[in-house]
Amino acid sequence: MPLIREVIVTSLTADGTPHLAPLGLIADGARWIAAPFAPSTTLANLRAVPELIANYVDDVRIFAGCLTGRRDFPLLPATSLRPPRLAGALAHTELRVVAVDEDPLRPRFHCDIVFEASHAPFRGFNRAQAAVIEAAILFSRRHLLERATIEDEMRRLAVAVVKTAGPEEETAWGWLVAALGIEV
């Protein structure tokens with residue numbers, strides 16, 4: 001099984017508008033692979049501007065917000081590439097696409113690391129943060145999964161949120177639950 005790192009990626013539309021989206025980047029030796037599903041804004045953006053920023057965050061509201069229509073997070077210029085980075089990122093990696101394996105459902109964009117920087121310490125995740133990230137992944141795949149599967153998983157994840165969430169995790173969880181239209 002490959003290592004997959006859950007990040008918020010910043011890509012650019014053809015006209016230069018930034019777009020934020022959660023994405024699992026796949027480790028590939030010294031490279032990373034971005035494999036957005038078709039159709040998606042991130043996929044279209046990588047075809048138009050073959051650069052992206054991997055933003056490493058511990059604020060799970062960004063994951064939940066991007067999926068539920070809340071994308072207005074402050075951005076800063078990147079060091080070497082055109083897409084901006086998240087101002088609140090603990091660290092970021094600037095990635096340039098060097099090859100593409102075409103696939104009708106999920107093409108794979110092989111990326112070289114152009115620049116990396118750390119901006120703040122990572123103090124670890126609590127169980128609620130991990131649960132919100134898992135819920136965000138479920139939300140992003142709601143068109144692929146049975147509703148009953150999503151509801152069962154959300155009920156299981158809710159235990160960690162109830163036991164360990166702070167205000168940020170409660171907010172993020174609430175956004176996802178409301179967007180899914182379920183009770184947990």
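Begin by selecting helix α4 (residues 147-164) and helix α5 (residues 167-180). These two helices pack at an angle of about 160°, with their axes 12 Å apart, and α4 and α5 are therefore roughly antiparallel to each other. Angles under 35 degrees count as roughly parallel, over 145 as roughly antiparallel, 65 to 115 as roughly perpendicular and the rest as oblique. Axes are lines fitted to C-alpha atoms, for helices over the stretch in contact, and angles run from 0 to 180 degrees between N-to-C directions. Helices (H or I, at least four residues) and strands (E, at least two) are DSSP runs, numbered from the N terminus.

The model is predicted: local features need pLDDT of at least 70, side-chain atom pairs count only at pLDDT 80 or more, and totals for chains, interfaces and linings use all residues. Residues are numbered from 1 along each chain as its sequence is written, and side-chain values use heavy atoms, with hydrogens and water left out.

Remain with this pair and view the crossing of α4 past α5, which is left-handed (the near helix is turned anticlockwise from the far one by less than a right angle; clockwise would be right-handed). To display the contact (heavy atoms within 4.5 Å), select Arg147, Ile150, Met154, Leu157, Ala158 and Val161 of α4 together with Trp173, Val177 and Leu180 of α5. The residues of this contact of α4 with α5 divide into eight nonpolar, no polar and one charged. In this classification, Ala, Val, Leu, Ile, Met, Phe, Trp, Tyr, Cys and Pro are nonpolar, Asp, Glu, Lys and Arg are charged, and the others, Gly among them, are polar.

The crossing of α3 and α4 is left-handed. On the α3 side, select Arg127, Ala128, Ala131, Glu134, Ala135 and Leu138; these meet residues of α4 including Ile150, Glu153, Met154 and Leu157. The contact of α3 with α4 has nine nonpolar, one polar and four charged residues.

Within α4, select Val159. At 41% relative accessibility, Val159 counts as partly exposed (buried is under 20% relative accessible area, exposed over 50%, partly exposed in between, with a 1.4 Å probe and protein chains only). The C-alpha atoms of Val159 and Ala128 are separated by 8.5 Å, although the two residues are 31 apart along the chain.

Val60, Phe63 and Leu67 of α2 make the contact with α3 residues, among them Gln129, Val132 and Phe139. By class, the contact of α2 with α3 has seven nonpolar, two polar and no charged residues.

Turn then to the strands. Strand β2 (residues 18-28) and strand β3 (residues 31-34) pair in the antiparallel sense over three bridges; strands pair if DSSP finds at least two bridges between them. Ile26 has Ile33 in β3 as its bridge partner. The hairpin of β2 and β3 has two residues between the strands, and Gly29 takes a positive phi near 65° there. β3 also pairs with strand β8 (residues 108-118), in the antiparallel sense over three bridges. Here Ile33 stands opposite His110 in β8.

Finally, select Pro39, found in the loop between β3 and α1 (41-48). The peptide bond from Ala38 to Pro39 is cis, with omega near -10°.
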